[in-house]
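Keep the viewer open as you read.

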Amino acid sequence: KNNGGDKMNFLDSGIEKLKKGSFKEAFSLFEEGYFANNDTECGCYLSQMCFDERITPRTQKSLMQSILLWEITSHKTSSKHKLGVAYYNFGKTQSAKQKGLELLKTARKEGYEPSYCVLGVLAYKAERYDEAVENFVHYGNLKNDASAYYCYGCSLINKDNPDFNQGKQVLDYCIKNHRSAKAAELLASLHAMDAPFDNERLFYIYTHIAADLGSKKACENI
């Protein structure tokens, strides 16, 4: 018989197996929890295991399994987000990508923070920097996401009314905490001759930092 205790046992046991790297056992527990006991959370974990290439080799079948499970559990905000990412990244038509974008926006409207991050990155890549900043500021884990935090710093500098001071602080953080060569390169460019903060000494310092972090361009400049 199905009851709340059974559901929680399958979910918790599956998570414990997942943490220990016992993926086959975790998969079985989530599978039974979802298909036999209708535990939506188990279905969400199951879909992520199918999608995660560290657990399941990426094939068209594994991708379709993930998408199908996210479609079935799409009343959950997290599934809307992951389904949106999948449609946007793997959709072969513009309508599929548009569907992914709409799902991401719906998840954002429901307060799902990772959706703010993904939409921020998409806006940054499209050079819509003001929109990118508006999204990034709602993502609580932004500082710990090296790639997204760099995009945030770059967007602050490039938006219609640039916030150079905050942008420079963000990029300095990326250098110190994420060892970002791109952040050092950008800061160097801001201090280059005829740049907004023309300063030969700082240009030299940031160029050397970028070189130390592996930038070939910075090595050539030096």
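This is a predicted model: local features need pLDDT of at least 70, side-chain atom pairs count only at pLDDT 80 or more; totals for chains, interfaces and linings use all residues.

Glu127 counts as exposed, with a relative accessibility of 57%. Glu127 sits in the loop that links α7 (113-125) to α8 (129-136). Its backbone has a positive phi of about 65°, although Glu127 is not a glycine. For context, most residues other than glycine have a negative phi.

Asp194 is another residue to look at here. Its phi is positive as well, at about 70°, and Asp194 is not a glycine either. You will find Asp194 in the loop between α11 (181-190) and α12 (200-212). With 72% relative accessibility, Asp194 counts as exposed.

## How α9 packs on its neighbours

Two packed helices are described by the angle between their axes and the distance between those axes. Start with α9 (residues 146-158) and α10 (residues 164-178): their axes lie 7 Å apart, and the packing angle is about 155°. An angle over 145 degrees counts as roughly antiparallel, and α9 and α10 are therefore roughly antiparallel to each other. The crossing of α9 past α10 is left-handed. On the α9 side, the residues in contact include Tyr149, Tyr152, Gly153 and Ile157, while the α10 side includes Phe164, Val170, Leu171 and His178. Sorted by class, this contact between α9 and α10 has twelve nonpolar residues, four polar ones and no charged ones.

Now turn to α8 and α9. Their axes cross at roughly 135° and come within 9 Å. The two helices, α8 and α9, are therefore oblique to each other. The crossing of α8 past α9 is left-handed. From α8, the contact uses Tyr129, Ala132, Val133 and Phe136; from α9, it uses Ala148, Cys151, Tyr152, Ser155, Leu156 and Asn158. By class, the contact of α8 with α9 has eight nonpolar and two polar residues, with no charged residue.

Why is α11 described as largely enclosed by the rest of the structure? Seven of its ten residues are buried, so the rest of the structure largely encloses α11. The buried residues of α11 are Ala181, Ala183, Ala184, Leu186, Leu187, Ala188 and Leu190. What covers these buried residues includes α9, α10 and α12.

## Cysteines without disulfides

How many disulfides does a search of the whole structure find? It finds zero. A disulfide is a covalent bond between the sulfur atoms of two cysteines, and the cut-off used here is a sulfur pair within 2.5 Å. For Cys42, the closest cysteine sulfur belongs to Cys44 and is 9.3 Å away, which is too far for a bond. Cys50 is in no disulfide either: its nearest cysteine sulfur, again that of Cys44, is 12 Å away.

Are Cys42 and Cys50 buried or exposed? Cys42 is buried, with a relative accessible area of 0%, and Cys50 counts as buried at 3% relative accessibility.

## Selected residues and their surroundings

Ser47 belongs to helix α3 (residues 40-51). At 0% relative accessibility, Ser47 counts as buried. Neighbours within four places in sequence aside, Ser47 is in contact with Ser66, Leu69 and Trp70.

Asp145 lies in the loop between α8 and α9. Asp145 counts as partly exposed, at 24% relative accessibility. Not counting residues up to four places away in sequence, Asp145 touches Cys117, Tyr139 and His178. Asp145 and Cys117 are 28 residues apart in sequence, and their C-alpha atoms are 9.3 Å apart in space. In helix α6 (residues 94-109) you will find Glu102, which is partly exposed with a relative accessible area of 38%. Glu102 and Lys80 are 22 residues apart along the chain, and 9.5 Å separates their C-alpha atoms.

Technical notes: Residues are numbered from 1 along each chain as its sequence is written. Side-chain values use heavy atoms; hydrogens and water are left out. Helices (H or I, at least four residues) and strands (E, at least two) are DSSP runs, numbered from the N terminus. Buried means under 20% relative accessible area, exposed over 50%, partly exposed in between (1.4 Å probe, protein chains only). Axes are lines fitted to C-alpha atoms, for helices over the stretch in contact, and angles run from 0 to 180 degrees between N-to-C directions. Angles under 35 degrees count as roughly parallel, over 145 as roughly antiparallel, 65 to 115 as roughly perpendicular and the rest as oblique. A crossing is left-handed if the near helix is turned anticlockwise from the far one by less than a right angle, and right-handed if clockwise. Contact means heavy atoms within 4.5 Å. Ala, Val, Leu, Ile, Met, Phe, Trp, Tyr, Cys and Pro count as nonpolar, Asp, Glu, Lys and Arg as charged, and the others, Gly among them, as polar.
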